[in-house]
Amino acid sequence: MQTGENLYTHRDENIFRTWGLMAVFLVLVIAVGFVVSYIYNNQNILYFAVIFAFLMNIISYWNSDKIVLSMMHAKPITKGEYADLYNITENLAITAGLPMPRLYLIEESSPNAFATGRNPSHGVICVTSGLVALLSKDELEGVIAHEMSHIGNRDTLISTVAVILAGLIAIISDIALRSRFSSRNNDRGGGFIQILGIIFIILSPIAATLIRLAVSRKREFLADATGALLTRYPEGLANALKKIESQINQKPFSSTSNATAHLFIENPFGTKSLSGIGKLFMTHPPVAERVSALIGNRNNL
């Protein structure tokens with residue numbers, strides 16, 4: 001790491017890159033709409049797709065915490081039940097200047113955690129019983145600080161916008177490919193242009209998925225950095241990540257799906273050794289890279 005670099009500079013870089021990816025997302029949405037409208041010369045179906053996608057995702061956004069917690073069979077916990085966890089969260093909320101998030105527990109032996117809620121005032125941190133049993137107090141503090149950072153960094157908003165745009169692209173592409181118009185006169189351009197347009201429509205959802213996953217990975221690095229700044233003890237989170245990865249590889253999460261895997265602090269299905277193009281489809285950065293970033297920056301806090 002070069003002189004003068006610290007977790008603050010890396011945090012700023014991650015914020016810039018994340019919003020850069022969101023800008024690419026918007027450009028991709030506009031490009032898909034333009035190509036489809038040009039080929040079929042029919043705007044009505046696109047208007048319907050846009051309205052439908054945004055309405056469904058806005059509804060999901062306002063109820064995202066309830067939906068996710070229900071899917072995970074999470075239960076609210078009180079200070080009397082988990083005093084250490086409650087006290088750690090309360091102290092970190094005060095330090096971060098954030099409202100105290102609601103705490104939930106999943107009865108699951110595989111260690112993991114996630115944050116949800118549309119904004120800090122509606123923040124939720126959910127942990128598994130396996131996480132509480134596995135980690136020391138310093139390690140648990142590191143994990144809670146990471147999740148608190150997701151809330152403070154408005155990551156749930158960014159994640160929701162990414163899902164909205166990815167869903168929009170998928171819907172438009174699917175409708176365009178399935179649509180059959182009664183008259184060929186409604187189509188524009190020659191055969192070559194239409195072939196290129198169809199290829200673009202097919203590849204766009206894949207590109208949208210890759211961008212969404214890239215946003216997710218950037219969010220994890222950002223939350224790691226912000227959490228380390230919050231606790232001033234990056235070793236706590238680094239050690240927790242190593243323990244979580246080791247345990248998940250032995251006993252993957254039993255009650256989640258691919259749709260929610262990106263929410264967790266670590267992939268609930270375990271990690272695989274991927275390289276090259278395979279890394280593009282990872283929901284989380286490799287733990288080794290996250291630990292290296294944390295430990296490498298401990299002298300610059």
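Reader: Which residue stands opposite Phe-114 in strand 4?

Author: Cys-126 is the residue of strand 4 opposite Phe-114. This is a predicted model in which local features need pLDDT of at least 70, side-chain atom pairs count only at pLDDT 80 or more, and totals for chains, interfaces and linings use all residues. Residues are numbered from 1 along each chain as its sequence is written, and side-chain values use heavy atoms, with hydrogens and water left out.

Reader: What makes a stretch a strand or a helix?

Author: Both are DSSP runs, numbered from the N terminus: a helix is H or I over at least four residues, a strand is E over at least two. By this count the chain has ten helices and four strands. From the N terminus on, they run α-α-α-β-α-β-β-β-α-α-α-α-α-α.

Reader: How do you know that strand 3 and strand 4 pair?

Author: Two strands pair if DSSP finds at least two bridges between them. Strand 3 and strand 4 are joined by four bridges and run antiparallel, so they meet the rule of at least two.

Reader: How many bridges join strand 2 to strand 4, and in which sense do they run?

Author: There are five bridges between strand 2 and strand 4, and the two run parallel. Strand 1 and strand 2 have two bridges in the antiparallel sense, and Pro-76 has Tyr-104 in strand 2 as its bridge partner.

Reader: What order do the four strands take, and why do strand 1 and strand 3 count as edges?

Author: The four strands form an open sheet in the order 1-2-4-3, with mixed pairing. Strand 1 (75-76) and strand 3 each have a single partner strand, so one side of each has no neighbour in the sheet. Helix 3 (residues 64-71) packs on the sheet and touches strand 2, strand 3 and strand 4. The direction of helix 3 makes about 155° with that of strand 3 (axes are lines fitted to C-alpha atoms, for helices over the stretch in contact, and angles run from 0 to 180 degrees between N-to-C directions).

Reader: Why is the pair of Phe-114 and Phe-264 called edge-to-face?

Author: Rings of Phe, Tyr and Trp (its six-membered ring) pair if their centres lie within 6.5 Å; planes under 30 degrees apart count as stacked, over 60 as edge-to-face and the rest as tilted. This rule gives two aromatic pairs. In one of them, Phe-114 and Phe-264 have centres 5.2 Å apart and planes at 75°, so the distance is within 6.5 Å and the angle is over 60. Phe-114 is in strand 3 (residues 113-116) and Phe-264 is in the loop between helix 9 (234-250) and helix 10 (287-296), 150 residues apart.

Reader: What makes the pair of Phe-253 and Phe-264 tilted?

Author: Their centres are 5.1 Å apart and their planes stand at 55°, so the pair is tilted. Both residues lie in the loop between helix 9 and helix 10, so this pair ties together parts eleven residues apart in sequence. Ring pairs link Phe-114, Phe-253 and Phe-264 into a cluster.

Reader: How do you know whether Phe-253 and Phe-264 are buried or exposed?

Author: Buried means under 20% relative accessible area, exposed over 50%, and partly exposed in between (1.4 Å probe, protein chains only). Phe-253 has 5% and Phe-264 has 1%, so both are under 20% and count as buried.

Reader: Why is strand 2 called largely enclosed?

Author: Four of its five residues are buried, so strand 2 is largely enclosed by the rest of the structure. In the loop between strand 2 and strand 3 lies Ser-110, which is buried at 0%. Leaving aside neighbours within four places in sequence, Ser-110 is in contact (heavy atoms within 4.5 Å) with residues including Thr-128 and Phe-253.

Reader: What makes a set of residues a nonpolar core, and how many residues has the largest?

Author: A nonpolar core is a set of buried Ala, Val, Leu, Ile, Met, Phe, Trp, Tyr and Cys residues joined through side-chain atoms within 4.5 Å. The largest has 32 residues, and those with the most contacts inside it are Val-127, Leu-131, Val-143 and Ile-144. Among the elements giving it two or more residues are strand 2, strand 4 (124-128) and helix 8 (191-231). Another core of twelve residues lies apart from it, with Phe-114 and Phe-253 among them.

Reader: What is the mean pLDDT of the chain?

Author: The mean is 78, and 69% of the residues reach 70 or more (pLDDT is the predictor's confidence in each residue, from 0 to 100). Over residues 1-8 the pLDDT is below 50.
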